[in-house]
Amino acid sequence: MTAGTHHTREGQTFEHRGSRLLAYVNFVRLPHTLFALPFALVGVVLASYRASVTWHALAWVVVAFTCARFAAMGFNRIVDRDIDARNPRTQRRELPSGALRLTEAVVAVSIASALFVYAAWQLNALCGKLSPLALGWVLFYSYTKRFTRWCHFVLGIGMSIAPVGGYLALTGRWSDPWWMLVVLALAVATWGGGFDVLYALQDIDFDTSERLHSLPVAFGGRRALDIARGLHLATVVCLAAVGAAMFANGSGGSFYALGVAAAAGLLVYEHSLVKPNDYSRLNAAFFTMNGVISIVFFACVLVERLTSSATLTIARTLGG
């Protein structure tokens, strides 16, 4: 990194110029909610084949997800504030720069955590009982790079809670077949873990000097890229397996298959942006393409569901 890198604002943040609202938005990278929220909604859509969707449930799913993500990201910023202050790439974050006080951050994260648990209980008893476990896991991630190179997988598992939670929010019970939700969780875990490996490529030198752990530090950039590619290949395979479970009777599935193909194509493009020893386009790969992947896949899953409902309505009408 060149001297003065810390004067450059991080991607997908806003120049808040004293605005408290924008300071909080930047604090938790609120636009990043775009990455995983569609996968939570994928869980909701898949659950709709087994249970009815209500606006009440949908609203509380969005609230629960947003609060959990706010708490997880905010807690990470609190735990890493001293590290961020030493990293030229992150020195302008809200806590190191003084844009937010530590007390403000702790209060905000505490409120978000409480609201997440409350929202989970508004959905059903199963979600409520599991909410402390889910919250504990996503907060635990913030410490993992201090002691394990496998921290990316902890993050991926945390992200995989979103589609499982979306499914359980509607059904209140596990999927049938039982392995469908497991494979869906694996799809999101490998997707999230893979792009976290890509993200960590930016900080190989800094993490090495600070004795922080990551796969790029442990294996080098080239091998880390290969690992990320392998993880994203597993993502595509798992998404296809979910489709096989959902449409095993052969009725429908075309738009879902299109979504899997689109996700695969976008992942290939994402990896084409990042080369060994050239991470200059990493922000475009991480911030833009992952958002596009999740949105496109969710859109295909939703269209699949809407067309299947329309087909069923027409069949019932003709049969009547």
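This is a predicted model: local features need pLDDT of at least 70, side-chain atom pairs count only at pLDDT 80 or more; totals for chains, interfaces and linings use all residues.

Trainee: At what angle do H2 and H9 pack?

Mentor: Helix H2 (residues 33-47) and helix H9 (residues 179-200) pack at about 170°, and their axes are 12 Å apart. An angle over 145 degrees counts as roughly antiparallel, so H2 is roughly antiparallel to H9.

Trainee: Which residues make the contact?

Mentor: First the general idea: an α-helix has 3.6 residues a turn, so residues three or four places apart point the same way. Here H2 contributes Phe35, Ala36, Phe39, Val42 and Leu46. From H9 come Met180, Leu184, Val188, Trp191 and Phe195. By class, this contact has 10 nonpolar residues, with no polar and no charged ones.

Trainee: Is Asp196 buried or exposed?

Mentor: Asp196, which lies in helix H9, is buried. A salt bridge needs the charged atoms within 4 Å. Asp196 has none, as the nearest side chain of opposite charge, Lys145, is 8.6 Å away.

Trainee: What does Asp196 touch?

Mentor: Leaving out residues up to four places away in sequence, Asp196 touches Tyr141, His152 and Leu155.

Trainee: Which residues of helix H1 are buried, and what covers them?

Mentor: In H1 (residues 20-27), the buried residues include Ala23, Val25, Asn26 and Phe27. Their cover includes helix H3 (55-79), helix H5 (94-97) and helix H6 (102-123).

Trainee: What happens just after H1?

Mentor: There, Arg29 takes a positive phi of about 50°.

Key. Residues are numbered from 1 along each chain as its sequence is written. Side-chain values use heavy atoms; hydrogens and water are left out. Axes are lines fitted to C-alpha atoms, for helices over the stretch in contact, and angles run from 0 to 180 degrees between N-to-C directions. Helices (H or I, at least four residues) and strands (E, at least two) are DSSP runs, numbered from the N terminus. Angles under 35 degrees count as roughly parallel, over 145 as roughly antiparallel, 65 to 115 as roughly perpendicular and the rest as oblique. Contact means heavy atoms within 4.5 Å. Ala, Val, Leu, Ile, Met, Phe, Trp, Tyr, Cys and Pro count as nonpolar, Asp, Glu, Lys and Arg as charged, and the others, Gly among them, as polar. Buried means under 20% relative accessible area, exposed over 50%, partly exposed in between (1.4 Å probe, protein chains only). Lys and Arg count as positive and Asp and Glu as negative; His and the chain ends are not counted.
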